[in-house]
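Subject: The structure we talked about

Hi there,

Have a look first, and then read my notes below.

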Amino acid sequence: MNKDLIKHINSAFKVEFNTNPILVFAPGRINLIGEHTDYNDGFVFPAAIDKGIVAAIQKSESKYCTVLAVDKNEKFKFLLETIKPIENGDWRNYVLGVISEIQKKRITLKPFEIAFGGDIPRGAGMSSSAALENSIVFSLNELFNLNLSKNEMIAISQKAEHNYVGVKCGIMDQYASMFGQKNSALLLDCRSIASTPYKIDFSEYQLLFINTNVKHNLSESAYNERRLVCEKIANLLQISALRDASENDLLNIKNKISEEDYQKALCVIQENKRVIKASNAIQKNDLKTLGALLYESHQGLQKQYKVSCDELDFLVEKAKGYPDALGARMMGGGFGGCTINIIKKDALDIFKKNIAKAYYKNFNTNCSFYIVNLSEGTRVVENT
Ligand code: GLA
């Protein structure tokens with residue numbers, strides 16, 4: 001975790017509000033495998049990272065709440081009694097959404113002042129939104145002793161995104177950001193909301209993230225549309241979610257749905273199986289199989305689920321050309337953001353150099369590379 005970030009947010013808070021805040025860090029996340037399975041009650045394999053959002057919070061003497069977005073240098077004042085979503089409200093809706101969900105639980109909040117900022121690369125698909133939501137709900141819980149459990153808090157964060165931001169996301173991002181464990185990824189069952197930690201040490205291999213630095217429009221509506229397709233097919237199958245469907249079940253109703261929808265549901269069913277296969281491979285330290293599953297996952301998300309884009313496909317295709325790259329795939333919701341790659345450590349430099357050159361040549365823009373540490377979840381931190 002970035003100590004300078006904590007210092008920076010702490011002093012920005014003090015300059016603005018003149019009191020001593022409680023400080024909370026909420027991390028972003030990566031995901032080994034299991035994309036678009038979470039809202040189908042399936043399995044995912046995320047981990048919290050050492051980059052995230054720091055929130056500094058304290059009670060307010062006035063009747064207003066004030067939020068300072070330090071990175072954007074934007075300030076926002078509101079009354080707790082009259083909150084509602086703001087059109088094109090941007091980061092404000094994450095904050096307001098969390099407050100609204102807390103209020104729905106008949107909890108009375110008092111005015112507060114909060115400053116936040118972070119170091120998650122922009123548009124990387126590493127869930128800065130879940131980190132922001134979690135940082136807000138966790139800091140309010142601390143400040144007012146609300147006694148919310150971590151499970152209650154992630155449900156609040158998720159619903160804030162549904163109701164105020166308009167993205168009908170699953171629970172993966174909020175869960176990983178809240179419950180992350182050091183050096184581990186979490187095999188999460190999104191039905192029971194229970195996870196098993198897997199220590200991730202790939203010895204001579206390394207997880208490398210490559211940011212396309214693009215975020216295509218309409219990704220949010222495309223996300224919600226995909227979710228609706230999955231729910232429609234689950235309804236047809238008379239099951240509560242695609243998690244309960246087999247490929248055979250799906251074949252039985254193939255003539256009742258379009259080929260496109262069939263492929264999407266098939267992708268979810270297969271991706272869910274890949275997560276379990278991946279966890280077995282990690283247990284056996286079988287990185288080759290894990291890598292192959294990553295390539296398969298990309299293929300499914302690209303061709304069947306149709307949530308990839310040229311830039312992501314390009315990066316995955318390039319990785320395939322390197323024997324020292326065991327696997328690669330798009331990560332997160334899609335339409336931009338990062339690929340996750342398993343690369344031999346001693347081949348990293350040359351791999352990065354070649355990919356950077358090829359990417360620029362093709363898209364006339366730069367990609368960025370990140371290596372992250374897998375870290376603990378949302379917590380109170382000190383300014384040391
Ligand atoms: C976004 C959502 C998650 C999940 C992923 C795709 O990150 O917030 O809930 O659905 O997309 O796996």
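Let me start at the ligand, where one of its oxygen atoms is 2.7 Å from a polar backbone atom of H36. That counts as a polar contact, meaning a pair of N or O atoms within 3.5 Å; within protein, one must be able to donate a hydrogen and the other to accept it, and residues adjacent in sequence count only if both atoms are side-chain atoms. Taken alone, the ligand exposes 300 Å², and the protein buries 92% of that (accessible areas come from the Shrake-Rupley method with a 1.4 Å probe; for residues, only the protein chains shown count as cover).

Before going on, please keep in mind that this is a predicted model: local features need pLDDT of at least 70, side-chain atom pairs count only at pLDDT 80 or more, and totals for chains, interfaces and linings use all residues. Residues are numbered from 1 along each chain as its sequence is written, and side-chain values use heavy atoms, with hydrogens and water left out.

A polar side-chain atom of E35 lies 2.7 Å from a ligand oxygen, and one of D38 lies 2.5 Å from a ligand oxygen. The residues around the ligand include R29, Y39, C169, M172, D173 and Y223 (a residue is near a molecule if one of its heavy atoms lies within 4 Å of it). How does this shell divide by residue type? There are four nonpolar, four polar and four charged residues (Ala, Val, Leu, Ile, Met, Phe, Trp, Tyr, Cys and Pro count as nonpolar, Asp, Glu, Lys and Arg as charged, and the others, Gly among them, as polar). At least three shell residues come from each of domain 1 (3–199 + 375–381) and domain 2 (205–370), with bounds from an automatic or database domain assignment.

Now the aromatic rings. Rings of Phe, Tyr and Trp (its six-membered ring) pair if their centres lie within 6.5 Å; planes under 30 degrees apart count as stacked, over 60 as edge-to-face and the rest as tilted. By this rule there are 11 aromatic pairs. In one of them, the ring centres of Y39 and Y223 are 5.3 Å apart and the planes are at 65°, so the pair is edge-to-face. This pair links distant parts of the chain, 184 residues apart: Y39 is in the loop between strand 1 (22–31) and strand 2 (43–44), and Y223 is in helix 6 (residues 219–236). Helices (H or I, at least four residues) and strands (E, at least two) are DSSP runs, numbered from the N terminus. Y39 is buried at 7% relative accessible area, and Y223 is buried at 13% (buried means under 20%, exposed over 50%, partly exposed in between, with a 1.4 Å probe and protein chains only).

F45 and Y198 also form an edge-to-face pair, 5.2 Å centre to centre with 75° between the planes. F45 is buried, with a relative accessible area of 0%, and Y198 is buried at 11%. Elsewhere, ring pairs link F76, F78, W91 and F116 into a cluster.

Lastly, a note on backbone angles. Most residues other than glycine have a negative phi. N147 has a positive phi near 60° and is exposed at 72% relative accessibility. N364 also has a positive phi, about 60°, and is exposed at 57%.

Happy exploring!
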